[in-house]
Amino acid sequence: MNAGGIGIDPQTAAAPVLARRDLEIIANMVDDGSRVLDIGCGNGALLDYLGRNKGVDGRGIELSQAGVNACVANGLSVIQGDADTDLEHYPDDAFDYVVLTRTLQATRNPREVVSHLVRIGRHAIVSFTNFGHWRVRLEMMFDGRMPVVGDEGASWYDTPNIHLCTIRDFSTLCDDLGLTVQRALSLSRSGASRKLKSAGAAANIRGEEAIFVLTRE
Amino acid sequence: MTATRDISPASGDANAGLPGLQAELARDEPMRLDSGETIGPFTAAYTTCGELSADKSNAVLVCHALTGDQYVLENNPVTGKPGWWELMVGPGKPLDTERYFVICVNVLGGCLGSTGPRDVNPETGEPWGLDFPVITIGDMVRAQALLLDHLGIDQLFCVIGGSMGAMQVLEWASRYPDRVFSAVPIAGAARHSAQNIAFHEVGRQAIMADPDWRKGNYLREGVNPKGGLSVARMAAHITYLSETALHRKFGRRLQARDAVSFGFDADFQVESYLRHQGSTFVERFDANSYLYITRAMDYFDLAAEHDGVLAGAFEGTAVRFCIISFTSDWLFPTEESREIVRALNAVAANVSFVEIDTDKGHDAFLLDEPEFHATVSGFLEGAAVHRGLASK
């Protein structure tokens, strides 16, 4: 890891490129100069990008200590913490955006986590792998084994991903919580994104990944 | 290597000619202490390294620990050893003196130049001894703020320190949020735990049980409670290490002998080591100062001033925090740091929190821990960008 590196110098640094398509799309959703909390921020790629390119006041929470140390050594404001236990300490409306990317499936209580996201942030942006995707369905049907999508090959017994859902499942949760879905996108394998129309059956089959923007009202 | 100095009472005015700088503070108006008493004028002994920028925006205050001093980088005049944080402070180090102006002040109540119980009470012409007012962490910080006024520095770019230094950092950020841009409390806590108060009490009782302590009047009577102070240091030193580190360093190895002596000599290396720690400590530290400074730590409880709610100490703060703890530190365990992080989250403060994996215990903040140093470097670099400090 680049231990002593400079984190956020817009003058000298070349504009970084986000390797993940979902992060790229999310970065474009965030207003310049806003306050962003990235939960499960990993190596801080999104925060770094937003800091450099959009003047965002960014904070992160990351479970892995190695990830946290790398982020802080890179000049980012990140704490070691757990989405399941640490969100309750944040006040209401502390951030413009609270971002949770590819992390919801690893939380113990996704419903509570989503409630906290929209409480802490004026907007919550959630990305997740869609387990209603046709390839997952086919694998289940023909292989008869649990899907390992986005799981880097971990088996069912050692995966951290314990709460898998489909686009339709997630939409239902949002309805149950009385949340407004401001925007919803599905992403195909090629990275093409399309607007979701009320969690239609087609999107739930075609989308490999989904991004939802939620608000309380 | 500079010549060593004798700070024992027999040397008379031990502070005269100490290297570094001294400022006489609270000259016009005495400083009010948390105890309700006042003090002043008093001396603050300090050192600086690096150069203060024209706009005075690059000042970093290093707060030292219980038995630390202002010789953060330059050789300690008493021990002749290099500065206690030379791994952290200096050209190209995390606290880069080519970039930052680093200040370190001997705390009020200390015994290396700043006014403390060893000094002469102007009203009596005798050493203060136990007539010296009880000092708190808040009082130490207030004294440092007066020094900054004296130096014409409105805002510190960073306040940083480990252990008792971390307490001062938290006090700074809470009491003077406008004067602190970033704060790095390392291996610290927002209040001293019952266990830590207990260890301090053992140390104090060891000093007070020494017949040469003379109810704190040993200077007047020309003696020095070295035995008691040495035992206090030995007990405390154990708390700065970890079981793993002690085992690795000494195990059950014997000291310069092939078999146990069936007596009470230092048979084991660890005994010999502790005795050495104790006997060298008494050459550089004053027993009454040890009482006063341990007391200051015991009284520290940042939440207490805010109806028991720690978050209240940081309401609306704009300070950028970086909290650091060490996995094997059982004196100031990570959970204490986590409590500070939770309080800062509760006010949506800008906070980073890193726990460094090490088996070196509490003292890890003084030692060569590359990941720790990388954390401090990276945090300061990020803060410097936000503060608009010129890069190197």
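**Helix α3 of chain B and its surroundings**

A: Helix α3(B) packs with helix α7 (residues 287–299) of chain B at an angle of about 160 degrees, and their axes are 10 Å apart. Here axes are lines fitted to C-alpha atoms, for helices over the stretch in contact, and angles run from 0 to 180 degrees between N-to-C directions. Helices (H or I, at least four residues) and strands (E, at least two) are DSSP runs, numbered from the N terminus.

This is a predicted model, in which local features need pLDDT of at least 70 and side-chain atom pairs count only at pLDDT 80 or more, while totals for chains, interfaces and linings use all residues. Residues are numbered from 1 along each chain as its sequence is written, and chains are lettered from A and ligands numbered from 1 in the order in which they are written.

The angle between α3(B) and α7(B) makes the two helices roughly antiparallel; that label applies over 145 degrees, whereas angles under 35 degrees count as roughly parallel, 65 to 115 as roughly perpendicular and the rest as oblique. The crossing of α3(B) and α7(B) is left-handed, a term used if the near helix is turned anticlockwise from the far one by less than a right angle, with right-handed used if clockwise. On the side of α3(B), I197(B), H200(B), G203(B), R204(B) and I207(B) take part, and they meet A287(B), Y290(B), L291(B), T294(B), M297(B) and D298(B) of α7(B). Two residues are in contact if their C-beta atoms, placed from the backbone, lie within 7 Å. The contact of α3(B) with α7(B) comprises 6 nonpolar, 3 polar and 2 charged residues. In this scheme Ala, Val, Leu, Ile, Met, Phe, Trp, Tyr, Cys and Pro count as nonpolar, Asp, Glu, Lys and Arg as charged, and the others, Gly among them, as polar.

A further partner of α3 (residues 194–208) of chain B is helix α4 (residues 226–240) of chain B; their axes come within 7 Å and cross at roughly 165 degrees. These two helices are therefore roughly antiparallel to each other, and their crossing is right-handed. From α3(B) the contact uses F199(B), V202(B), G203(B), A206(B), I207(B) and M208(B), and from α4(B) it uses G228(B), L229(B), V231(B), A232(B), A235(B), A236(B) and T239(B). These residues divide into 10 nonpolar, 3 polar and no charged.

The loop between α3 and α4 of chain B contains K215(B). Most residues other than glycine have a negative phi. Phi of K215(B), however, is positive, near 55 degrees. K215(B) counts as exposed, since 9 C-beta neighbours lie inside 10 Å; a residue is exposed with 12 or fewer other C-beta atoms within 10 Å of its own, buried with 20 or more, and partly exposed in between, the C-beta atoms being placed from the backbone. A26(B) lies in the loop between β1 (21–25) and β2 (31–32) of chain B and is partly exposed, with 18 other C-beta atoms within 10 Å.

The 18 residues of α9(B) should span 26 Å at 1.5 Å a residue, and the end C-alpha atoms are 25 Å apart, which agrees; the expected span is 1.5 Å times one less than the number of residues. The buried residues of α9(B) include F372(B), V376(B), F379(B) and L380(B). Their cover includes α3 (65–73) of chain A together with β11 (156–162), β12 (180–186), β13 and β14 of chain B. After α9(B) comes G388(B), whose phi is positive, near 75 degrees.

Strand β12 of chain B contains P185(B), which is buried, with 30 other C-beta atoms within 10 Å. Among the residues that P185(B) touches are I323(B) and I340(B), not counting residues up to four places away in sequence.
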